[in-house]
Amino acid sequence: MSFCQKEKTSILAVVLKADHYIGTGHLMRVKALLPKLMLQGLIPYLITDSFDNRLASLAGEYAQIIKCSIYDVADKVNDLHPKITLFDHYFLQEETEKRIISPVAVIDDLKRRHACDLLTDANFSRKNDDYLNLVPKKCKLLTGTRYSLIRPEFLNIIRVKRKKKTILINYGGADPAHACVKVVNSVLASGLHQIFNFIVLAGAANSDLEKLQALCAASPSLKLITSTTKVGELFSKCDMAMGAYGGMFKERLCAGLPTINTAIADNQQGCVMMSTRLGVGEDLLLQELEDPLKVKKALLNLNKNRELYACNGKKMISGEGINLVTAAISELL
């Protein structure tokens with residue numbers, strides 16, 4: 001596309017990274033917003049300092065994926081002359097945002113300093129006052145779980161009742177903590193595969209795919225899925241889950257999928273034992289996933305209380321976040 005063509009186009013510049021280290025959380029979080037933003041005539045371009053090519057199927061909305069050094073991000077964004085720029089990047093903040101020529105919207109959950117026109121942080125108990133003196137006075141703040149970016153596919157899920165319950169095992173697109181392998185080993189060692197069926201969802205960036213394939217081949221109760229664009233449909237086939245306090249945590253709550261949750265990354269450590277405190281599921285520490293007895297006890301407790309946990313989770317997360325955030329972004333155009 002020539003410069004003149006770009007100038008006539010309403011470009012949305014998206015800045016994020018998605019790789020084996022950071023996972024797919026940022027990619028999927030922005031993906032939830034893109035359909036409504038594109039309906040307003042915005043054409044998204046992805047500017048990234050790190051992107052795993054195996055995730056290209058999850059980035060089909062972008063007119064172009066522009067890879068560059070993290071130090072060149074601002075220049076690459078400005079070269080596009082975007083109508084608006086959206087950041088969802090844990091390693092960039094105020095210094096880079098100040099250099100952007102367009103209005104800047106930010107998705108964050110780390111309570112950091114930003115130079116932006118709009119910021120949304122959907123953390124539990126997050127309040128606008130948390131960003132006092134961290135953003136410009138003119139910045140519009142959208143904080144709290146009301147602004148959770150839950151895609152429509154996770155709303156009003158109808159679950160078919162089964163005699164033998166099905167458990168979803170998923171720890172994000174990359175799973176750098178190797179949690180899937182830990183859990184599957186514990187499932188086999190504890191005999192849980194004789195009580196439940198298991199679906200293991202391991203993303204394309206998961207480095208343990210070969211190990212998981214071998215482990216899942218050990219029992220017909222274990223099924224491995226390496227890629228799906230219909231996660232909501234997959235949720236409808238499952239009764240419970242084991243997963244991380246990442247992007248899918250709130251999706252599972254909204255879908256009424258009770259879960260044994262585990263903090264697997266540094267930015268999730270503040271969530272430790274949150275499921276137990278909120279009454280929406282069970283909790284295990286990362287090292288406890290390797291203990292077959294603890295995994296079995298937690299899963300049996302989850303099964304016993306699953307209806308209560310599902311009901312409590314649905315009450316906590318609504319599906320209005322996408323509409324509220326896209327409306328606020330539209331005001332910047």
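User: Which residues does V200 touch, not counting residues up to four places away in sequence?

Analyst: Contact means heavy atoms within 4.5 Å. By that rule V200 touches I169, C180, V184, L212, C216, K223, L224 and I225. This is a predicted model: local features need pLDDT of at least 70, side-chain atom pairs count only at pLDDT 80 or more, and totals for chains, interfaces and linings use all residues. Residues are numbered from 1 along each chain as its sequence is written, and side-chain values use heavy atoms, leaving out hydrogens and water.

User: Is V200 buried or exposed?

Analyst: Buried means under 20% relative accessible area, exposed over 50%, partly exposed in between (1.4 Å probe, protein chains only). V200 is buried, at 0%.

User: How far apart are V200 and C180 in sequence and in space?

Analyst: They are 20 residues apart in sequence and 7.5 Å apart in space, C-alpha to C-alpha.

User: In what order do the seven strands of the open sheet run?

Analyst: Strands of a sheet pair through backbone hydrogen bonds, either parallel or antiparallel. Strands are DSSP runs (E, at least two residues), numbered from the N terminus. Two strands pair if DSSP finds at least two bridges between them. Here the order is β3-β2-β1-β4-β5-β6-β7, with parallel pairing. The edge strands, β3 (64-67) and β7 (140-143), each pair on one side only.

User: How many bridges join β6 to β7?

Analyst: Four bridges join β6 (residues 118-121) to β7. Within this pairing, L119 has L141 of β7 as its bridge partner.
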